[in-house]
Amino acid sequence: MEIRDLYRDVILDHNRSPRNFGRLEPADATAVGHNPLCGDSLSLSLRLEGERVKEIRFNGQGCAISVASASLMTEAVAGRSLTEVEALYREVHALLTEPAHQSAVPLGKLMALAGVHEFPARVKCASLCWHTLHAALEHPHEAAAPAVTTE
Amino acid sequence: MNRPLTQPHAPPQAPAQARDSAPPAASAYLDAQGRLRPERVRADFPILGREVHGRPLVYLDSAASAQQPRAVLEAVERYATTTHANVHRGVHALSQEATAAFEAARDTVRRYLNARSTREIIFTRGTTEAINLVAQSWGGAQLQAGDEVLVTHLEHHANIVPWQMACARAGARLVAAPLTPAGEVDAGAFAQLLGPRTRLVAIAHVSNALGTVLPVAGMVALAHARGVPVLVDGAQAIAHQRVDVQRLDCDFYAFSGHKIYGPTGIGVLYGRESLLAAMPPWQGGGDMILSVAIERSTYNELPWKFEAGTPNISGAIGLAAALDYLEMLGRERVAAHGQELLAVATARLRTVPGLTLVGTAASKCGVASFTLAGIHPHDVGTILDREGVAVRSGHHCAMPVMTWYGLAATVRASFGCYNTRADIDQLLAGLDKVREVFA
């Protein structure tokens, strides 16, 4: 396993230039995630249209893996139905934790995260944004969903 | 080294005298100038021979946990294979030998710290438990509403949270002295915060996140002038500084075995006898009592009053072996080697483009903390790990320090007696690789 299997070009690009970075005001759903291990934090804000994610933004600070994963996630879920988002959530989780996971749905650019499962110490960096998204959608109409942590 | 396990422990009243000079190290460990040869020291640490991700291990995380020399591993094994039994209770041979070895270890610690008496040496699980012992026992008895406990902004969480808890119970307040940009405690502010309400000062000897050496003796003198006792968290200092509790004149000194090449799960609280004698026990159980009736119990004498339950006997013996090993190498030589490595590492790190050293105090030891522009410390840590270089990345359990600098994390390279200049070469080569990946 080479280091570039983790730090692929897509990851480095999204770390350098995160997409959908910022905050939506007002938002229909928000959530904050923390990784207490490293002190990193991430907040998500979403606008929904019926049962669909219309817009999503993230901000916060973190390592290249967590920033790129959040950036890739915002691209992947914008415009998707909540059911599709839920399916992606499960597939990405499997991609991050299982060797050679065969995804049931096309993951597109999210496949850039395929190297993460070889670096167990970094799985939480990549999954934080997805857990935070899950929490935001579970409690979309609350002012603030309960803070998510990786622990 | 090779201390017989049945060696009777020195009488507790033995006159306490600082050793003027370390015993001569075996000449194989010294170069022509009498300096430590780290390549020879290295050979005593079996783990340093292993590979990580197909590369020779370069261990630069001794501030988190130092590796153990064969002398420690063998002492622990010898105890387990020849002597183990419960201490302080059997009349049989093994129990008596185990007791003698355990109490001999206590005396080795006493000598190492130059404490007056073994009654002042309490074995704990580590620095954290030692501080919690003082916070609960001394703090529970002494702290009252409106009192203050004074710490600094560079403390490890273990020297913050126990005081927060003790203060919350008493209605007291935790106050933290600010830092200078270099990462030193602001002396003027410290003196000012040391006020009429201050009941205790609790400070690190050396900052684990920055490497700053605090002027502990001066801070103790300042506190004592106001009648305030001082606890020193010595976790990061013990492996790098000669610690003489009488010279520091501190009231409590806490450290962990695994930071000084000993086992995990063993640590020490030194306490001034007059303070310890007045403190109530903090945990109840066997060993800490003289007699028990259902109505009431009478407590044991120092130091056992604070050691409820079967102690970590083999841990104490391993710790004593680690201290003997360092005495054999020569504590001053080990300290000088650490200073030389830190100076070399600091000079070389300053040449890395985009690198900022975090913590640039005039007096430092053991630790070089830094950030790389635009690259998160965890990414640095992962890439270095793939090169076989083990460093710590994160907040180092000292989040208030990170907040002080406006950082979430740093990369920390820390040095032990077995590290060489070649290890620093590998660190620098690893940082080149980091910059290549993130170019």
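Residues are numbered from 1 along each chain as its sequence is written, while chains are lettered from A and ligands numbered from 1 in the order in which they are written. Because the model is predicted, local features need pLDDT of at least 70 and side-chain atom pairs count only at pLDDT 80 or more, whereas totals for chains, interfaces and linings use all residues.

**Exercise 1. Describe the predictor's confidence in the complex and in chain B**.

Begin with the complex, to which the predictor gives an ipTM of 0.91 and a pTM of 0.92.

**Exercise 2. Find which residues of the largest nonpolar core have the most contacts inside it, and where the core draws its residues from**.

A nonpolar core is a set of buried Ala, Val, Leu, Ile, Met, Phe, Trp, Tyr and Cys residues joined through C-beta atoms within 7 Å. A residue is buried if 20 or more other C-beta atoms lie within 10 Å of its own, exposed if 12 or fewer, and partly exposed in between, with C-beta atoms placed from the backbone. The largest such core has 133 residues, and those with the most contacts inside it are B:Ile203, B:Tyr253, B:Val268 and B:Ile317. Its largest share, 11 residues, comes from helix α10 (residues 313-329) of chain B; helices (H or I, at least four residues) and strands (E, at least two) are DSSP runs, numbered from the N terminus. The core also draws at least three residues from each of domain 1 (93-326) and domain 2 (331-437) of chain B, the bounds coming from an automatic or database domain assignment.

**Exercise 3. Describe how the two domains of chain B meet**.

The C-alpha centres of domain 1 and domain 2 of chain B lie 28 Å apart. Across the boundary, 25 residues of domain 1 are in contact with 24 residues of domain 2.

**Exercise 4. Work out which residues of helix α7 of chain B are buried and which lie exposed on the other side**.

Helix α7 (residues 216-225) of chain B has B:Val216, B:Met219, B:Val220 and B:Ala223 as its buried residues. Seen down the axis of α7(B), these fall within an arc of 100 degrees, so they line one face of the helix; the arc is that of the directions from the helix axis to the C-beta atoms. On the other side of α7(B), B:Gly218 and B:Ala225 are exposed. The cover over the buried residues includes α6 (187-193), β7 (198-204), β8 (230-233) and α8 (245-248) of chain B. Just after the helix, B:Gly227 takes a positive phi of about 75 degrees.

**Exercise 5. Describe how far helix α12 of chain B is covered**.

Helix α12 (residues 377-386) of chain B is mostly covered, since 8 of its 10 residues are buried. Among them are B:Pro377, B:His378 and B:Asp379. The helix is followed by B:Gly388, whose phi is positive, near 90 degrees.

**Exercise 6. Decide whether B:Ala80 is buried or exposed**.

B:Ala80 lies in helix α2 (residues 70-82) of chain B. With 12 other C-beta atoms within 10 Å, B:Ala80 is exposed. B:Ala80 and B:Ser314 are 234 residues apart in sequence and 7.4 Å apart in space, C-alpha to C-alpha.

Definitions and conventions:
pLDDT is the predictor's confidence in each residue, from 0 to 100. Two residues are in contact if their C-beta atoms, placed from the backbone, lie within 7 Å.
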